Amino acid sequence: MKKLLSILAIFAFALSVSAKQKPQTIHTFTQGDGTFLLDGKPFIVKAAELHYARIPREYWDHRIKMCKALGMNAICAYVFWNYHEPQQGVWDFSGNHDLAAFMELCKKNGMWVIVRPGPYVCAEWEMGGLPWWLLKDRSIKLRTLDEKFMKPAIAFENKVAEVLAPYRLENGGNIIMVQVENEYGSYAKDKPYVSAMRDALRAAGWDKTTLFQCDWSSNFTDNALDDLVWTMNFGTGANVLDQFKKLGELRPNAPRMCSEYWSGWFDGWGRAHETRPATDMVNGISTMLDNGISFSLYMTHGGTSFGWWAGANNTGFAPDCTSYDYDAPIDEQGAATEKYYQLRELLQKHSDVKLPAIPKPLPIISIPEIKFEEMAPLFRAGNTPKAIESHDALPVEQYNQGYGNILYTTTLPDLKAGAYLRISDMCDYAIVTIDGTPVGQLYRGNGYETTLQIKNEVKAGAQLEIFIEVMGRINYSKLIHDPKGITDKVEVFTTDGKNDLTYNLKDWKVYLYPYDLDYNDLSYIPITNTQHPSPNTQPAYYKAEFSLTKTGDTYLDMRTWGKGLVWVNGHCIGRFWEVGPQQTLYIPGCWLKKGKNEIVVLDITGPTLARVEGLTKPIIDQLQRDRLPKDAIKTDIFRKSTAKKQDGGAGNDAAPGAK
């Protein structure tokens, strides 16, 4: 009997080992006649675009399940280079950056994956996903064959391919397609560059994977490579079949796919909230499904550009809001919208199986008013960082800072009342003072006017202070080469009563205030006037604690604050700005705790009331354009050429009629 039990135990162990070592199913994904083929059978891709970087890791599974219940069969996701390589050669694939963990959840939920690893991605993301440290070399040519760009870009592609290797189809994974670059036709005509990026992806390990490139129907042939799948990007309201007309002429038997079908649009500070009709979106998808056209819905769930990751559009300078709600079927908090229900009804009709139940909504809570009782002014003794001596005022990247604020100071010569100060070029929002007295505020988005008038007389030796907030770098077009701070020079235009004088200011002291500084190390003082705690609009951190008996998602009401960022329990929630349209900030409940919580607000212009509360609904459509700075002026003094050359005094170069 003992021997029999032993034999049975050995047999059971062998079965266990065999089960564990059972090879994974290997799937194939290829092109067929007018369709994609999954394991040799016609397959329509119904992909949901969502970005793991815009969703708390704790909610990844919930958002993926929401997409599956909607009727989608794939997840489409960008990989943000700057999110994973904050400093050159320093990689981060941990925590919310854990790309492999996100991929594993997609696989666990039975979802195929389309990977879009750039290196450029757009996505209304800081610098289109390119890392700021590329700009440390001022001569770099982004998105070209310039070795200064290609070498780190290929290193990034190799790293991503290494992380995702277990999820390639030939390894038993779920990645069916990988994108080469991103909408390059909207940037340039450069087939050698696009070819090099294709070759880099193949060399990195994607040689057996279906590679594709996306563009618009108007420009996709500019960089189209013969051995890649060609897909179109367009949005709600477009004539779907017309979008594929040219592709059909060039490749009549190729699969058709809309790789970005825009469900809505993104919001920008100082612009009206964007929406798109649900019926138009659903009708477009219905047309695609009726004609065997694959699609990826951009966005199915937009989420939030937490921290300082929101980029800026290239229409002049148009920074994007923190909320990336996008008027998508799944809203910023992860809840189903009317668009969701209408689309789910359509996709159920095109499904052979009953769709999964919609996941339960995540809890939402309100938080009673939180009053702030202490603040840390940035220019207070003990809060000022060590000065950097700099003959010229340089962009922040030249001081090895990517994100945050910067203060430039220098001394001024004698100035008559009515002199002019010009900062060229100033990026992005400046508060200008002389000996602590406000002169005015400049905003790059106001038609790029960067001139202020100094109304009072100034004595030689007075200190000029220029505090600049770095906002998101432009994420679209050639303007993605977007250094921050003072990128050229600072000039003062005045007169001695007989001649016009121009001073090119030099010999600066520079102070860096990165966003990742430890705000707990700052020197705080009590707020004695909670109505107007910062009357001189001096930038400051405000800190408070609050207690909760239960946790849940909430929307932080920022309507009494000016401009800045918020941290809750160490998580940077994102930017706020009184101009709107976004007036609340989404706080995921998974970042809150029962019991004591900490909130810190950096406000560079100062609140009218230092308090916040948590709401159960967002406010993302309240525009207040009258809150934009109005101090910038237009003047013709720069065309004058009769100025007499003057000695600028200590630290100041003067020249006649300088431009």
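**A loop residue and its surroundings**

Tutor: Aspartate 39 is found in the loop between strands β2 (36–38) and β3 (41–43); helices (H or I, at least four residues) and strands (E, at least two) are DSSP runs, numbered from the N terminus. The model is predicted, local features need pLDDT of at least 70, side-chain atom pairs count only at pLDDT 80 or more, and totals for chains, interfaces and linings use all residues. Residues are numbered from 1 along each chain as its sequence is written, and side-chain values use heavy atoms, with hydrogens and water left out.

The phi of aspartate 39 is near 55°, a positive value in a residue other than glycine. Most residues other than glycine have a negative phi, and most peptide bonds are trans. Aspartate 39 has a relative accessibility of 38% and so counts as partly exposed (buried means under 20% relative accessible area, exposed over 50%, partly exposed in between, with a 1.4 Å probe and protein chains only).

Glutamate 124 also has a positive phi, near 55°. This residue lies in the loop between β6 (112–116) and α5 (147–164). Glutamate 124 is buried, because its relative accessible area is 8%.

Not counting residues up to four places away in sequence, serine 294 touches Phe36, Phe43, Ile44, Val45, Arg256, Met257, Cys258 and Met288, where contact means heavy atoms within 4.5 Å.

Next come the peptide bonds. The bond from tyrosine 298 to methionine 299 is cis, with omega near -5°. Methionine 299 sits in the loop between β11 and β12 (312–313). A cis bond also runs from cysteine 427 to aspartate 428, and its omega is near 20°. Here the loop is the one between β18 (419–427) and β19 (429–434), which holds aspartate 428.

Leaving aside neighbours within four places in sequence, the contacts of valine 439 are Val432, Thr433, Ile434, Leu452, Gln453 and Ile454. Alanine 419 is 20 residues from valine 439 along the chain, and their C-alpha atoms are separated by 11 Å.
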